[in-house]
Amino acid sequence: MNSKSDAARAEELSRKRARALPVLGVLFISQQLVFFSSPARDRMVDHVHIGAWLILSVVMLLALTTGGGWIYPRSVRQLANDEATRVHRDDAFRYGFLAAMVACIALYVVTLFEPFGEREAIHLILTVGIGMALLRFGLLERRAMRDA
Amino acid sequence: MPERLYNRLKELRTEAGLTQAELAERVGVTRKTVNTVENLVFTPSALLALKLAEALNVPVEELFWIER
């Protein structure tokens with residue numbers, strides 16, 4: 001009975017995650033466009049904005065690493081993070097790493113011609129890396145859910 | 001031509017009268033994983049392949065084969 005319930009809840013968690021992650025990835029990246037279109041100054045509101053982005057980045061990174069669903073029991077989370085999910089996550093991290101490296105190379109080239117602050121550079125690399133990993137993980141999970 | 005792992009999972013599961021969810025529960029994975037193995041989207045580990053064969057009561061080589 002308990003095992004059946006765990007399977008149903010793991011299925012529910014997988015579906016929610018597959019729906020939410022690509023949306024979160026797009027939101028995470030698009031929100032940063034606002035930051036880059038109007039760079040932060042030294043006002044209180046800018047510090048709050050940056051602080052919120054940093055917290056969101058840590059939460060997204062933890063969600064990617066652990067599979068999220070922290071309100072579910074451990075047995076459900078373990079089932080939802082089964083073999084296929086772990087492979088999807090590894091692939092997502094690979095994409096995220098590659099995207100971050102491409103961002104680093106692009107930034108290096110840009111800084112040859114334009115000054116670029118180190119905090120802005122870190123912001124950009126983190127956003128690209130985490131955003132790409134979120135998108136890839138979400139898309140792989142959605143594809144796996146098709147016809148399920 | 002690259003090697004690819006094929007399977008008769010859907011056919012043997014249907015013959016056994018099991019749904020994807022029931023088979024998934026027997027081997028301790030989600031329905032999504034069974035679905036991706038059936039659709040050749042995901043290549044299972046040796047451990048999962050053996051568990052699937054055991055759950056369907058067939059030898060693993062009857063369930064999976066390599067095509068070159």
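Q: At what angle do helix α2 of chain B and helix α3 of chain B pack?
A: Helices (H or I, at least four residues) are DSSP runs, numbered from the N terminus. Axes are lines fitted to C-alpha atoms, for helices over the stretch in contact, and angles run from 0 to 180 degrees between N-to-C directions. In this predicted model, α2 (residues 20–27) and α3 (residues 31–38) of chain B pack at about 110 degrees, their axes 8 Å apart. Angles under 35 degrees count as roughly parallel, over 145 as roughly antiparallel, 65 to 115 as roughly perpendicular and the rest as oblique; α2(B) and α3(B) are therefore roughly perpendicular to each other.

Q: Which residues of α2(B) and α3(B) meet?
A: Two residues are in contact if their C-beta atoms, placed from the backbone, lie within 7 Å. From α2(B), B:Gln20, B:Ala21, B:Leu23 and B:Ala24 meet B:Arg31, B:Thr33, B:Val34 and B:Asn35 of α3(B).

Q: Is B:Lys32 buried or exposed?
A: A residue is buried if 20 or more other C-beta atoms lie within 10 Å of its own, exposed if 12 or fewer, and partly exposed in between. B:Lys32 lies in helix α3 of chain B and counts as buried because it has 28 C-beta neighbours inside 10 Å.

Q: What is the mean pLDDT of chain B?
A: pLDDT is the predictor's confidence in each residue, from 0 to 100. The mean for chain B is 94, and 99% of its residues reach 70 or more. Local features need pLDDT of at least 70, side-chain atom pairs count only at pLDDT 80 or more, and totals for chains, interfaces and linings use all residues. Residues are numbered from 1 along each chain as its sequence is written, while chains are lettered from A and ligands numbered from 1 in the order in which they are written.

Note on methods
Helices (H or I, at least four residues) and strands (E, at least two) are DSSP runs, numbered from the N terminus.
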